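Here is my note on the model, as requested. Please read it with the coordinates open.

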There are 2 protein chains.
Amino acid sequence: MQPEPAAPAASRPTLADVAAKAGVSASTASLAFSGSGPVSDATKQRVLDAAAALGYGGPDPRARSLRQGRSGIVGVVLEERVRAAFLDPVKIQMLDGITEGIAPLGAGLLLLTDTGEPGENAVNIESAPVDAVVLIGCSPRLAVSIEALRRRGIPAVAIEGDTGEGLPEISIDNHQATRRGADYLRKLGHTRVALVTLPFDAARTRGPLTPELEQSGTAATARDRLAGAREIFPDITGQVAGASSIEEGLEAARALLADPATRPTAIIAQSDLLAAGVIRAAEELGIAVPAELSVIGFDGIRVDGLQHDLTTLSQPSVAKGRAAGEAVVSLLAGESPESVCFTSTLHVGDTTAPPPAR
Amino acid sequence: MQPEPAAPAASRPTLADVAAKAGVSASTASLAFSGSGPVSDATKQRVLDAAAALGYGGPDPRARSLRQGRSGIVGVVLEERVRAAFLDPVKIQMLDGITEGIAPLGAGLLLLTDTGEPGENAVNIESAPVDAVVLIGCSPRLAVSIEALRRRGIPAVAIEGDTGEGLPEISIDNHQATRRGADYLRKLGHTRVALVTLPFDAARTRGPLTPELEQSGTAATARDRLAGAREIFPDITGQVAGASSIEEGLEAARALLADPATRPTAIIAQSDLLAAGVIRAAEELGIAVPAELSVIGFDGIRVDGLQHDLTTLSQPSVAKGRAAGEAVVSLLAGESPESVCFTSTLHVGDTTAPPPAR
DNA sequence: ATTCTAGGCCGAATCGATTCGAAGACGTCC
DNA sequence: GGACGTCTTCGAATCGATTCGGCCTAGAAT
């Protein structure tokens with residue numbers, strides 16, 4: 001809009017231009033900006049004035065990070081599309097916690113996905129200017145990602161990932177917690193109990209929980225929670241959902257509840273969103289919760305629009321995120337943080353009751 | 001853990017090392033990786049093999065972005081702590097939309113805050129390796145931020161920001177929408193109507209809505225929505241909340257509803273979260289909604305735990321984010337995208353009714 | 001057989017700042 | 001008055017890759 005009176009430079013000024021204008025060397029100008037190193041106040045002021053006069057916007061972060069070898073950015077690798085993560089309250093809470101945990105670094109948070117299609121994203125886990133990353137969830141690509149990070153020398157922390165690679169891991173007692181929930185159902189008198197599980201494999205195959213799928217599965221979370229349920233109900237089976245969402249829970253539950261004759265009296269869902277879908281399916285079919293069907297979830301979030309106080313295994317998502325953030329800080333400080341395993345608590349709401357009398 | 005058999009290099013291998021091992025020049029090795037440029041398949045394979053042998057993790061993104069002048073990262077500037085944004089469903093929805101909008105770029109999303117304390121964060125709006133940014137909300141620091149971005153030549157898009165600087169802006173009809181909501185209340189018969197507004201100034205001063213605060217305010221959203229209400233109720237006043245949260249709405253409403261004699265028959269809240277707080281305050285005080293108090297919100301989100309179907313001005317948050325993302329794509333393509341103004345729709349729920357008969 | 005063409009590869013410059021060792025200026029102490 | 005120490009400043013190397021112009025060679029065209 002305004003004419004630039006004395007700006008012959010077509011491109012943006014660099015630190016060298018500022019230095020020239022201030023009559024000092026580039027190194028001195030650099031010191032004036034970064035503050036490290038002894039520079040007289042007079043010189044410093046001259047440099048800053050020159051910068052202002054030239055409209056210099058400060059050191060280029062790209063050049064700076066190349067030279068310094070760090071970018072001040074921490075990556076968060078989501079196993080799904082970023083969009084999807086924003087819809088999952090558990091993920092949001094973890095991000096929240098991570099933010100809190102890495103606050104001392106003053107670092108930015110870069111959201112990444114690990115879809116496995118290298119060409120698709122300009123910035124992916126293999127090529128992102130991050131100083132460290134937090135891996136959320138255990139995608140099947142995890143091993144590949146970890147290998148890539150290792151080669152690049154980028155420290156990483158995993159949340160709920162079965163890395164087996166010596167990364168610090170932040171997890172919860174998936175097995176024990178589900179066992180506790182299942183035991184609660186057993187004590188209520190339930191014997192016909194079914195599962196709605198999280199995806200087992202990379203393809204997020206949905207459908208009946210078959211032994212093959214169980215075997216081929218790579219998702220530790222789904223597997224551990226299943227194992228916990230099996231301790232109480234050795235023959236328990238059910239449906240595998242394609243994701244943690246109300247919609248998927250709805251579909252899975254429709255399949256489980258279709259036949260009144262074989263219908264379970266209780267369903268263990270591996271997430272609260274799935275549980276909400278199960279309850280919705282029950283409503284559709286005119287099945288009363290908890291009178292005719294008990295439902296137990298996992299996570300301990302509030303689900304939009306759900307009228308029930310869900311019985312669930314409440315996990316400290318924010319604390320998990322925070323622990324992961326703190327582990328990152330620790331790693332960057334050259335330490336070797338321990339893995340952390342949180343415990344979930346059984347919250348008894350109004351979606352569980354003794355099975356209907358026959 | 002494992003001994004590195006033939007790795008004399010103490011530090012990580014670089015492209016030059018790979019090139020040397022493969023017996024080609026660095027430039028050829030670069031071409032082999034980036035794919036651009038004519039390289040014979042044989043040579044390319046030799047380079048890739050050498051890289052694998054050396055455990056080379058691919059080109060350093062820092063060096064690459066320095067040379068190329070872009071980083072493949074889009075920044076999102078939140079006016080509050082990142083944590084806070086995760087608690088606000090409107091923000092989440094916008095982030096969701098932005099993600100969708102910039103998907104064609106394959107860029108990463110870097111979350112930034114603009115607190116104004118330059119030293120606090122290693123990576124802030126003044127020094128983040130971003131190709132473009134989306135500014136969400138109109139912080140008072142906005143002008144400073146925009147100036148910094150302009151100097152650095154980083155294109156930006158503002159959502160709900162009164163930039164006045166020629167940036168593409170994504171907004172909604174705050175004024176008209178609130179006017180419509182207020183008019184609805186007037187037609188129901190309300191005359192004693194009060195406001196619970198969003199913060200007006202940088203300090204997020206809360207308390208009674210005074211003319212001074214109105215004047216000093218820099219927050220365009222709060223101001224526009226206020227002006228819309230004034231068109232219907234010229235003398236309307238109320239409380240200013242310190243943020244968009246249930247807690248703040250609760251506090252503000254307590255003040256408004258304290259005195260039964262002067263109590264309003266309707267409250268216009270400038271966000272749904274605030275409205276939820278208002279309703280909670282009414283519950284506390286034993287005031288029936290909507291029989292004794294009508295409440296109208298703004299946003300059109302679902303509020304956790306709110307039993308009512310809130311009457312509100314429903315705005316397309318996801319679409320706003322998407323539009324912002326698309327504008328970024330357009331800007332990076334060298335075009336000049338237009339500003340976009342969405343319209344909100346009045347959703348009539350069960351929190352509004354005619355005023356109680358006197 | 002000679003010239004032209006084009007694919008394939010290399011050398012060197014470049015991106016913009018940071019960092020470290022050394023040199024200069026200035027004042028103090030012996 | 002000279003040696004020494006400190007405070008500033010400078011020069012040059014470095015970070016790791018990309019890119020552009022040019023050179024070389026093999027095959028095609030005349």
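1. Ground rules. The model is predicted: local features need pLDDT of at least 70, side-chain atom pairs count only at pLDDT 80 or more, and totals for chains, interfaces and linings use all residues. Residues are numbered from 1 along each chain as written, chains are lettered from A and ligands numbered from 1 in the order written, and side-chain values use heavy atoms, without hydrogens or water.

2. DNA strand D. It is surrounded by 23 residues (near: a heavy atom within 4 Å). Thr43(A), Leu15(B), Ser30(B), Tyr56(B) and Arg67(B) are the closest.

3. Polar pairs (N or O atoms within 3.5 Å). A polar side-chain atom of Ser30(B) sits 2.6 Å from a phosphate oxygen of DNA strand D. Arg67(A) places a polar side-chain atom 3.0 Å from a base oxygen.

4. Contributing elements (DSSP runs: helices, H or I, of at least four residues; strands, E, of at least two; numbered from the N terminus). H4(B) gives the most to the surface near DNA strand D, four residues.

5. Sheet in chain B. Seven strands form an open sheet with mixed pairing, ordered E7-E8-E6-E9-E10-E11-E13 (pairing: at least two DSSP bridges). The edges are E7 (207–208) and E13 (345–347). E10 (294–299) and E11 (311–314) pair in parallel over four bridges. Phe298(B) stands opposite Leu313(B).

Notes: A polar contact is a pair of N or O atoms within 3.5 Å; within protein, one must be able to donate a hydrogen and the other to accept it, and residues adjacent in sequence count only if both atoms are side-chain atoms.
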